[in-house]
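Here is a short briefing to read alongside the structure. Take a look at the fold first, and then follow the topics in the order below.

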Amino acid sequence: MKGRKSEVIIALDYENSDLAWSFINHLEDSYSISRMDRKTVKPWLKVGMQLYYAAGPAFITDIKEKGYRVFLDLKLHDIPNTVKGAAQSITQLGVDMFNVHCSGGSRMMEAALEGIDKGLSSRSISSTSSTDATPLLIGVTQLTSTSKAMMNEEIRIIGELEDSVLHYASLTKNSGLSGVVCSPREVELVKSKLGMEFLTVTPGIRLSKESQDDQVRIMTHLEAQQVGTDYMVIGRAITQAEAPLEMYQRIMKELESGLG
Ligand SMILES: O=C(O)c1cc(=O)[nH]c(=O)n1[C@@H]1O[C@H](COP(=O)(O)O)[C@@H](O)[C@H]1O
């Protein structure tokens, strides 16, 4: 929704848990310095494949215990039965959001939802997790590193990128998921066709257009908020900054004043 602050999800793309904890501990220190109210919500942290495969499920439960909201980004893509099992295990970890590739199809996405239900019921029997809320399940449309030429020539999906993103987003919505990962450039299209309540989670955020790295479909954080994204995922702009915590705080301030 335009005029509303987007949530920032910090992508903890670190090699190991020590490096991730070093950043998190800086965040924690900033809270104690600012005497953060107990009710103040801590930011979202995204744990992707690199860190999860290095640090394992214990890292997820540890950051949940500290009160962070967690997006586990493993981009599930397999046969429905396997994805159902994975979704069950992920739900038992107590994460707040996770994702599947839309290209796995509607049956696979529905199976992930079934896995969530199973995970929630077994969690209530032996609850070791710190949250009991149903995680948001999000479908990855076209990766933000994908260009039209790559989609047409390598993946062999013909037509415009926006059409493919919208097609996958409709499939995702019809399968009962909460929203999609897409680039901020497609947020307005997705929202206009599928409704404001259908969530958009957008990586491909760059503070300036000069440093694209491997991302193709990008926008700045201020532009992404302007087009009404619900969640923006920011990795290297924060984690590879000289002073990551200060960079995160600067981004939050700019987003706040971007509303004014
Ligand atoms: O699902 C994701 O989070 C994701 C999907 C996508 O299409 N593009 C994308 O960049 N991501 C993730 O978002 C993060 C972006 O990182 P930076 O490019 O460093 O900001 C990485 O952790 C990616 O794995």
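Predicted model: local features only at pLDDT ≥ 70, side-chain atom pairs only at ≥ 80, totals over all residues.

Helices (H or I, at least four residues) and strands (E, at least two) are DSSP runs, numbered from the N terminus. The notes below go through strand pairing, the core, the ligand shell and a few individual residues.

- Strand 3 (residues 69–76) runs parallel to strand 4, and three bridges join the two.
- Within strand 4, the residue standing opposite Leu72 is Phe98.
- A right-handed β-α-β unit is made by strand 3, helix 4 (residues 80–92) and strand 4.
- Strand 4 also pairs with strand 5 (residues 136–140), again in the parallel sense, over five bridges.
- Val100 has Gly139 of strand 5 as its bridge partner.
- Strand 4 (residues 97–101) is mostly covered, with four of its five residues buried.

- Strand 1 (residues 7–11) and strand 8 run parallel and are joined by four bridges.
- Ile10 is bridged to Ile234 in strand 8.
- Strand 7 (residues 199–202) is parallel to strand 8 as well, with two bridges between them.
- Here Val201 stands opposite Tyr231 of strand 8.
- To get from strand 7 to strand 8 the chain passes through helix 9 (residues 221–226), and this β-α-β crossover is right-handed.
- Which residues cover the two faces of strand 8? Tyr231 and Val233 lie on one side, Met232 and Ile234 lie on the other, and all are buried.

**The nonpolar core**

- The largest nonpolar core has 63 residues.
- Ile9, Ile10, Val70, Ala112 and Ile234 are the residues with the most contacts inside this core.
- Beyond its neighbours within four places in sequence, Val70 is in contact with Leu45, Val47, Ile60, Ile63, Lys64, Val95 and Asp96.

**Around the ligand**

- The ligand is surrounded by 19 residues, and the closest are Ala11, Leu143, Pro203, Gly235 and Arg236.
- By class, this shell holds nine nonpolar, five polar and five charged residues.
- At least two shell residues come from each of strand 3, strand 8 (231–234) and helix 10 (236–239).

**Lys46, a lysine in strand 2**

- Lys46 lies in strand 2 (residues 44–47).
- Is Lys46 buried or exposed? Lys46 is buried, because 23 other C-beta atoms lie within 10 Å, and 20 or more is the cut-off for that label.
- Setting aside neighbours within four places in sequence, the contacts of Lys46 are Ile9, Ile10, Ala11, Leu12, Phe71, Asp73 and Val233.
- Lys46 and Lys118 are 72 residues apart along the chain, and their C-alpha atoms are separated by 23 Å.

**Positive phi in residues other than glycine**

- Lys75 is not a glycine, yet its phi is positive, at about 45°.
- Lys75 counts as partly exposed because it has 16 C-beta neighbours inside 10 Å.
- Asp213 also has a positive phi, near 50°, and is a residue other than glycine.
- Asp213 sits in the loop between strand 7 and helix 9.
- Why does Asp213 count as exposed? Asp213 has 12 C-beta neighbours inside 10 Å, and 12 or fewer makes a residue exposed.

Definitions and conventions:
Residues numbered from 1 in each chain as written. Pairing = 2+ DSSP bridges. Right-handed = clockwise from strand over helix to strand, strands pointing away. Core = buried A, V, L, I, M, F, W, Y, C linked by C-beta atoms within 7 Å. Contact = placed C-beta atoms within 7 Å. Near = placed C-beta within 6 Å. Nonpolar A, V, L, I, M, F, W, Y, C, P; charged D, E, K, R; others polar.
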